[in-house]
Amino acid sequence: STGCKAGVKLCCVVLLLFPYPELFTYVQLRLAFRNCRRVAMKTICNIWILILFIGDSRGHDSEDLYFGKFLGTFNNYHHQVGGDVYAVNKHTFHIRNFMYDGNGKDTFFWAGTRPRPGPQGFLVPSENGRTNVLGSYLNEDITITLPAFKTINEIRWLAIYDLTRQEPFGDLYIPEGFEPPRKLQLNRLTGKTGHVNSDPIIVVDAKTLLINNFEYDGSGEEAYFWVGVGPQPHSKGDKIPDELGYLTPLGRYHRASITLTLPGDLSVQTVNWLAVYDIKRSQVLGSVILHDELNVPPSLVHITPHSNLMPQCEQLHRDLQISWDMFGDQITVEVAVRMGMNEYVAFGMSGSPDRPEMVGGDAVVLHRDEFLGYAIDVNMTSKFPCTKLLNQKKGVCPDEQVGGIQDYQLMSSIRNDGITVFTYRRRLITADTGDIPYVPKGAAMIIWAIGGLDDNRQATMHRAWSKVAQLLDLGRVPSKNCYSFTHDNNNDGASWKGIKLTDPNTVEFTARLGPDGGPKGYSAMTGNPSVTGKSWYINGYLSPELYLRRNRAYKFLVEGGASPHDPANYHPLIITDEPHGGFSQMSAAQKAKVRILAGVDYTQRGEVRPMSLRGGRLCEWKHPDNMDRRRDADIPTFPEYRNALTLDCGKDGGPVSLNVFPNKSWPATVYYNSWTGFNMGWKIHILDEEEKVTAARLTSESGAPSAAIIPSVFSLWSTILALTFLSLL
């Protein structure tokens, strides 16, 4: 009919002019078809609209989720009791859609070993761990645990029982021969070629696989962890993230213990095998079969569905997915990311066509406060936060601060259930000569990062980033390679112990640069966020606390770099009464509040400058080529970590000598830091001449004595000399 044709035309205009139909509500499109007179045509129109708007949704159907081993449904005798009961493990029940009207006067969860429910039983705490009389429940999902380490195998029934009336309002009988869900052991991950090997794989829960002593020689051209259905592994499977959440080709593994989490809606109940698969060679390098109907605990991983109506989507990391749509000379990009309120996400084009290169690249930094989102076009001239040196700003700086143009238009931002979604638009080729074009056809090298914001809401060192090459073809045939976000509450384990150098005979210190040590390192040891990714290493230790005495001379041999042309490699050492450093980047008002105790001198005009401006080579601890910085958290102790690093020192020049003489005017606690960067050093405790280092002075900030007190730095050198001597025998 004429009305239907007009509605179709309107929809076509909307889709052509605005390639984001999510901006228009379902009701608005229904109004476009309000003049359809024929019932058949109206039905077709309605179906088309529903497909358009909800057909792409990937929400969860509760029937497809795994909650544990199904035990049955509550029998209802009184007060509308109902619900499906699952065994999570041998101690715990999960009840779905639990119903109870709450009108019992003395009613509890009750379990026992007698053939039928009765007063000879025991009380089971509610989902809150309480033993109060039960209130009302309306289709609620709850989890309850048997008390005193009792097991489901020991009981015959679970009931909603009224002690006053001595009768059950509803009950469930435990099936005979019940086996509770538990961790299961599978075969080893092996292959015919010998490229892959491991210990027997442990199925921890429905989404988690533990692989101990995993070996992979890295010989595949483009190998991934791969899962799928069917009797044997094949090319039609799905790529899953590695143990760090990355979806990039696997590197070499040697006797590694890794934990893989199945992404999105995948579980051990929905896949039949796990493999290491080389997609370039179409070759299975190693595999293991997952048995049918594995009786394992349900996963505690939190799943957050996310979908949109853009035609393209690519999962770049477990926590990051990019969607886009091109129209004419413009592109609209949606960035969906799991990150905190004080974090940012960056996405853009690499500075090199062959590898992910931050310097020379072009990116947008996206973050959000409680109310608003922000999209900042950045210029990247150094792997360092934006820093002003020699009256020039270098590092990761907003385009508008270095003569460029802000070319990203933020259209929307929203945060829900831990997922932040930004939608921005830019031209494929901008007027800013510093920008890299978005190529409409062909694969392009991309870069991305997720990290924290400092107190000024500026981007700091990232926690996840594009270390391995990732190519993206923006003009490919439309495809969606994304899945629901997953998140568990596992942390990175205990932090490294903070180090305290207390030997009163040590009067000379070497100060060199090195990496921050990741989540177990500088941030965990000091409580300060790592802004630059670099830290001071004093006598080879990561930002230790120093104990100096008044009226005694000390010498710091500083090797932090002397060329102010690159902020990443220019770090004169200063000692002040404030904890964060970065004096050169402070405002005049901030500088006025800081007392500098050592490390600077003054020009004839009274301007402050670092003493090491006159010299001092750059000497830095670095990750060797075979060491992945993303895996710093896997190393249990700092000595193991430091011993894996290599020391790289410049050939020209030597250290700058900084003489320090604490006197009675110095505060009890001062700080060594960098002239250029924030949060790179730590505390210096100033003791009186005859004061002893007591346990109280060695107490950490948390109140617990530190376990890593270094009475003498010579023990490190004696160990090194001993090992060297043994290697020569």
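Asn75 counts as partly exposed in this predicted model, at 32% relative accessibility; on this scale buried means under 20% relative accessible area and exposed over 50%, with partly exposed in between, for a 1.4 Å probe and protein chains only. The residue is placed in strand E2 (residues 75-76), where helices (H or I, at least four residues) and strands (E, at least two) are DSSP runs numbered from the N terminus. Asn75 touches Phe169, Gly170, Asp171 and Tyr173, residues up to four places away in sequence not being counted; contact here means heavy atoms within 4.5 Å.

Residues are numbered from 1 along each chain as its sequence is written, and side-chain values use heavy atoms, with hydrogens and water left out.

Across the protein there are eight helices and 51 strands. Of its 729 residues, 48% are buried. Among contacts with a separation of 6 or more, 67% are made by residues 24 or more positions apart.

Two buried residues illustrate the surroundings of individual side chains. Arg426, in strand E30 (residues 419-427), is buried, with a relative accessible area of 2%. A polar atom of the Arg426 side chain lies 3.3 Å from the backbone oxygen of Ile436. Beyond four places in sequence, Arg426 touches Gln330, Ile331, Asp362, Asp407, Tyr408, Ile436, Pro437 and Tyr438. His367, which belongs to strand E24, is likewise buried, its relative accessible area being 5%. The residues touched by His367, with the same exclusion of sequence neighbours up to four places away, include Met339, Glu343, Tyr344, Phe422, Leu453 and Arg457.

On a 1 Å grid over the protein atoms alone, a pocket is an open set of points where a 1.4 Å probe fits, with protein on both sides within 12 Å along at least five of seven lines, and lining residues have an atom within 4 Å of a point. Of the 44 residues that line the second largest pocket, Lys383, Met461, His462, Trp465 and Arg629 are the closest to its centre. Strands giving two or more residues to this lining include E23 (343-349), E24 (362-368), E31 (443-453) and E46 (619-622), and E32 supplies the largest share, five residues. The lining divides into 25 nonpolar, nine polar and ten charged residues. At least three residues of the lining come from each of domain 3 (312-487) and domain 4 (500-687), the bounds being those of an automatic or database domain assignment.

Conventions: Predicted model: local features only at pLDDT ≥ 70, side-chain atom pairs only at ≥ 80, totals over all residues. Nonpolar A, V, L, I, M, F, W, Y, C, P; charged D, E, K, R; others polar. Polar contact = N/O pair within 3.5 Å; in protein donor to acceptor, adjacent residues only side chain to side chain.
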